[in-house]
Amino acid sequence: LDIQVSKLRVLKQSYLSEHYDLEDRVLKYYPQTIKEYEERIAGYENDVALAEQHKPQGDEKFCPMTLRGVSYTEKAAAGEMLLAICKEYPLSAPVEIGSYRGFKMEVFYDTVNTAYTLNLCGAYKHKVLLGSDALGNLTQIENELARIPARLKAAKTQRVETIVQLENAKVEVEKPFAYEDELKEKTDRLNALNIELNLDEKDPSAID
């Protein structure tokens, strides 16, 4: 009986630990996570709309790129100037150099990846690692902008999944300890037995 009660107490402790964790998730973690996803969704929606407003045009599928106040309408010229500007800024602090498709552009030298990096700044900063190929860099920029709708979709999916997890946790947190009655019954029996055993030890006539 003593062993059974000990096992049930371990189960109860495990239940309480999980219960407190669930309470914390219901009250703090899930609401905060949902709020973060909603902010992310709003940011991505802004950036998707921004990119849609400035679609690449013409045979080259290129929007004019502004660099240092000068607008470049040809891909090759814009790509070469972007490379030239990068070489002038070997610093790790981002420096604004122009804009493309409604996004401000910052460059900095990424010491971790040992490469020049471009930030496309909308509601969020979208990072592009630059190489030595002028036209290749422009393709990388377009590819990064093309990924934003997928990130928006993923954030919406994660928000829905988190709401479902919150609702499930609300149900789980209301569930009582499954073995509460058994624990109480066996604890009471054990206490009664211990009292009887103690009385027997103190009363020699009972042993006789």
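## Glu 144

Glu 144 is buried, with a relative accessible area of 6%; buried means under 20% relative accessible area, exposed over 50%, and partly exposed in between (1.4 Å probe, protein chains only). This residue is in helix 3, which covers residues 134–146. Helices (H or I, at least four residues) and strands (E, at least two) are DSSP runs, numbered from the N terminus. Not counting residues up to four places away in sequence, Glu 144 touches Leu 120, His 126, Lys 127, Val 128 and Arg 151. A contact means heavy atoms within 4.5 Å.

## Basis of the values

This is a predicted model, in which local features need pLDDT of at least 70 and side-chain atom pairs count only at pLDDT 80 or more, while totals for chains, interfaces and linings use all residues. Residues are numbered from 1 along each chain as its sequence is written, and side-chain values use heavy atoms, with hydrogens and water left out.

## The chain as a whole

The chain has six helices and six strands. Read along the sequence, their pattern is α-β-β-α-β-β-β-β-α-α-α-α. The radius of gyration is 32 Å, well over the 17 Å that the globule rule gives for 208 residues, so the chain is more spread out than a compact globule. This radius is taken over C-alpha atoms, and the globule rule is 2.2 Å times the number of residues to the power 0.38. Along its principal axes, the C-alpha trace spans about 110 × 35 × 20 Å.

Of the 208 residues, 31% count as buried. Among contacts between residues at least 6 apart in sequence, 53% join residues at least 24 apart. The accessible surface of the chain comes to about 13,300 Å², and 52% of this belongs to carbon and sulfur atoms. Accessible areas come from the Shrake-Rupley method with a 1.4 Å probe; for residues, only the protein chains shown count as cover.

## Helix 4

Helix 4 (residues 148–173) has 26 residues. From its first C-alpha to its last it reaches 37 Å, close to the 38 Å expected at 1.5 Å a residue. The expected span is 1.5 Å times one less than the number of residues.

Which residues of helix 4 are buried? They are Ile 148, Leu 152, Ala 155, Thr 162, Leu 166, Ala 169 and Val 173. An α-helix has 3.6 residues a turn, so residues three or four places apart point the same way. The buried residues of helix 4 pack against helix 1 (2–53), strand 4 (103–110), strand 6 (125–129) and helix 3.

Ala 51 lies in helix 1 and is buried, with a relative accessible area of 7%. Ala 51 and Glu 18 are 33 residues apart in sequence and 45 Å apart in space, C-alpha to C-alpha. Leaving aside neighbours within four places in sequence, Ala 51 is in contact with Arg 101 and Phe 103.

Arg 101 lies in the loop between strand 3 (95–100) and strand 4. Is Arg 101 buried or exposed? Arg 101 is buried, with a relative accessible area of 10%.

Most residues other than glycine have a negative phi. Phi of Arg 101 is near 50°, a positive value. Phi of Arg 68 is near 55°, also a positive value in a residue other than glycine. Arg 68 lies in the loop between strand 1 (65–67) and strand 2 (70–72). Arg 68 is partly exposed, with a relative accessible area of 43%.
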